[in-house]
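Follow along with the sequence and the model as you read.

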Amino acid sequence: MMAGKLTAQGAGILLVTANVGSLFEDPENLQKTWLREFCQTVQTHRPLFVALHCQEVGGKNYEASMTHVDSFIKELLSSDAMKDFSRARVYLDKNYKSQEQFTALGCCYFIHESLKNIQQFDFKAKKFRKVFGKEVCSDALLSAATLEKEKFPQDYFPESKWSRKGFIRTRWALADCAFDLVNIHLFHDASNLVAWEKSPSVYSGTRQKALGFVLDRITDQRFERLPYFIFGDFNFRLDSKQVIESLCSTASVQTVRSADTNEVDKLIFRESDNDRKVVLQLEKKLFNYINQDVFRENNGTLLLEFDRELSVFKERLHELDISFPPSYPYSEDSSQGKQYMNTRCPAWCDRILMSASAKDLLVKPENEEKSITYDNIGPNVCMGDHKPVYLYFRLSTGAGKPHANKHKCCVVQ
């Protein structure tokens, strides 16, 4: 497909979300593989606009690893797959010295040379501006005019302890079609034992509140409301109590308590017969299930019925059907591509969601052509503990230039 033809029919758009924390723990082994697989995805789909939303930029030991971040971005910008992308905007939140502002989010946007009519929104001047050249911005993100960055209020954080969670929004106009792109990182499950206590878990309630906060912010009165794509590490988990009841339906539970505090340290689920074989061992950071294949067979789709955290938002957020296995927690051993770590119950943490009006921007596939793909990247190789997830589609655009409040195909629902 020629680029020119693509432009006429609607530009190819590639949205990718990737929690890249692992890449900076073992840059020698993981980074090369990761970049190769990412570039392969770009070359397969040949989009004209690429948005890559990263979380945990710099990894867990971010003070030591931030230097690796710069080389990662440099490699990405200079890679063969990206050479025809003549414009780029990269925003990296690397300011780890400021606990109340640091999110470790990274947003990378690449614009193909054949895409002429693209503009980016200036939130301070409240107008769109043409995009020229390549810029990497990592200092003073809070004062940058082309994005909005927020960390959740401190009382949203479990036990009010700061962690690297929040969101970044940018706004774009391709021809007469304008939309928001939001990078997000929500709270994780601190303890498997606590997650198991009730359905839905206390953690899913915290995520729900934070996601509601983001949706309210990006649709408030300060700016024109536009269609939005929100993609990142939502940390959505399967309903732990129910998934364990299903996986261990015939097992009996043994509770092991700490000698000092009498708190539950461990749960052991055993078959009632069959030599009382151990089916599952559960600790704060251990989820050791006897048969990992259940998460891989049919891409784990039998477990999607326990993926319920989005149901509260079904009016406001839409998603294409998931047909890839849970995106987390994969082994970080660079020789293992399909193995899950036995730290957490595998779940679809990494997602690409959209408003109803954004879903209308996807050109619907005609006759069997595969013009929309929602999948993971690097299914057979180690990409770190999260597999990146991507959505490729063609943008349904008319002609004409964007004018404030006159985006034809952007009626908000």
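I began with disulfides, meaning pairs of cysteine sulfur atoms within 2.5 Å. My search of the whole structure turned up 0 disulfides.

Before going on, I noted that this is a predicted model, in which local features need pLDDT of at least 70, side-chain atom pairs count only at pLDDT 80 or more, and totals for chains, interfaces and linings use all residues. Residues are numbered from 1 along each chain as its sequence is written, and side-chain values use heavy atoms, with hydrogens and water left out.

**Cysteines**

For burial I used relative accessible area: buried is under 20%, exposed is over 50%, and partly exposed is in between (1.4 Å probe, protein chains only). Cysteine 177, at 0%, is buried.

**Salt bridges**

Next I turned to charged side chains. Those of opposite charge can pair when their charged atoms come close. I counted a salt bridge when a side-chain nitrogen of Lys or Arg lies within 4 Å of a carboxyl oxygen of Asp or Glu. How many salt bridges does the structure hold? The count came to 24.

I looked up arginine 217 and glutamate 150, whose side chains meet in a salt bridge at 2.7 Å, N to O. This pair links distant parts of the chain, 67 residues apart: arginine 217 sits in helix H5 (residues 202-218) and glutamate 150 in strand E8 (residues 148-151). Helices (H or I, at least four residues) and strands (E, at least two) are DSSP runs, numbered from the N terminus. Arginine 217 is partly exposed at 26% relative accessibility.

My next pair was arginine 308 and aspartate 239, a salt bridge with its closest N and O atoms 3.9 Å apart. Arginine 308 is in the loop between strands E15 and E16, and aspartate 239 is in the loop between strand E11 and helix H6, so the pair ties together parts 69 residues apart in sequence.

Last, I checked glutamate 319 and arginine 351, which form a salt bridge at 2.8 Å, N to O. Glutamate 319 is in the loop between E15 and E16, and arginine 351 is in strand E16, 32 residues apart. Glutamate 319 counts as buried at 19%, and arginine 351 is buried at 1%.
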